[in-house]
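Dear colleague,

I am handing over the structure we spoke about, and my notes on its salt bridges and on one pair of packed helices follow below it. Please read them with the coordinates open.

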Amino acid sequence: MNLSDKVALVTGASRGIGRAIAVELARQGAEVFCTSTRAGGCDATLAEIAALERDVAAHALVCNVAESESVDALQKGVLDDKGRLDILVNNAGITRDGVFLRMSEEDFDAVVETNLRGTFLVCRAFARAMAKARSGRIINVGSVVGLTGNAGQANYAASKAGLIGLTRSLAHEFAGRGITANVVAPGFIETDMTAAIPEDLKAEMKKQIPLARFGSPADIAGAVAFLAGDAGSYITGQTLVVDGGMTM
Ligand code: NAP
């Protein structure tokens, strides 16, 4: 298996894209730490990994990436147990959509704190151990909206655009230590996050997708596993768009 003997961490692995990433990394042989903000939040993910019958260990940890004490506890939980981290996937993310003139400071801050500051905190918590090991893969889940912008998502687009700058900076700063850092930018993926979008709007959006379907969490998991594996070893500082051609 491509990722045998690797230790991976996926934030926000209770459902949706994060859950699919955790399962795919485990399927490829990695030992995976999964996080949720809720105790028991990753039970279904762990059950899905167990059902693979791959003889790989999987663990659940509680973490709110927006709180530095919680991220410190996450770092301790992984590094005290394994002593290293090979693959870090920052997937945890939220939306608080609203038209710009009515967007509250609270909604702006909440999205930036989780999506951007949270990714900063988790990267900082594990970069030292990766640098010491002189190897590591950091994969941050962005969004095509971070490249294109989107009406009603100024906070979310800003957070995801910021993620690209953060990731490229890490790519520069840690290349000499054998660490790569990349963004996977999904388009429209069918998860809880997009479930509330009205059907008529969804139908309009689908018309903009050349591959004529919405993405699945597994589509994103495949791209993440590619960057995490041997095939991704010479790729750093990139944003890999996985959107069925929607933004090309
Ligand atoms: P989702 O179904 O809403 O799942 C979000 C995940 O993030 C959950 O596991 C949730 O954990 C976790 N999370 C939320 N706030 C957190 C916090 N403060 N600390 C730690 N974990 C937190 O979302 P999704 O659609 O799978 O999206 C996953 C990622 O892909 C996000 O970064 C999102 O921006 C990005 N993305 C999604 C789409 C799409 O179309 N769905 C498109 C582009 C990008 P708990 O609720 O269990 O605590």
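Arginine 15 and aspartate 192 form a salt bridge in which the closest N and O atoms are 3.3 Å apart, a salt bridge being a side-chain nitrogen of Lys or Arg within 4 Å of a carboxyl oxygen of Asp or Glu. Because arginine 15 sits in the loop between β1 (7–10) and α1 (16–27) while aspartate 192 belongs to helix α7 (residues 192–195), the pair ties together parts that are 177 residues apart in sequence. Helices (H or I, at least four residues) and strands (E, at least two) are DSSP runs, numbered from the N terminus. Arginine 15 counts as partly exposed at 46% relative accessibility, whereas aspartate 192, at 52%, counts as exposed; here buried means under 20% relative accessible area, exposed over 50%, and partly exposed in between (1.4 Å probe, protein chains only).

Please keep in mind that this is a predicted model, in which local features need pLDDT of at least 70 and side-chain atom pairs count only at pLDDT 80 or more, while totals for chains, interfaces and linings use all residues. Residues are numbered from 1 along each chain as its sequence is written, and side-chain values use heavy atoms, with hydrogens and water left out.

The structure holds nine salt bridges, and two others may be of use to you. Within helix α1, glutamate 24 pairs with arginine 27, with 2.8 Å between the closest N and O atoms, and these two residues, three apart in the helix, are separated by about one helical turn. Glutamate 24 is buried, at a relative accessible area of 15%, but arginine 27 is partly exposed, at 35%. Aspartate 219 forms a salt bridge with arginine 213, the closest N and O atoms being 2.9 Å apart, and aspartate 219 is partly exposed at 26% relative accessibility, as is arginine 213 at 44%.

As for the helix pair, the axes of α1 and helix α2 (residues 43–50) come within 9 Å and cross at roughly 25 degrees, where axes are lines fitted to C-alpha atoms, for helices over the stretch in contact, and angles run from 0 to 180 degrees between N-to-C directions. The two helices, α1 and α2, are therefore roughly parallel to each other, a label given to angles under 35 degrees. Their contact (heavy atoms within 4.5 Å) is made by Arg19, Ala22, Val23 and Ala26 of α1 together with Ala44, Thr45, Glu48 and Ile49 of α2.

Best regards

Note on methods: Parallel < 35°, antiparallel > 145°, perpendicular 65-115°, else oblique.
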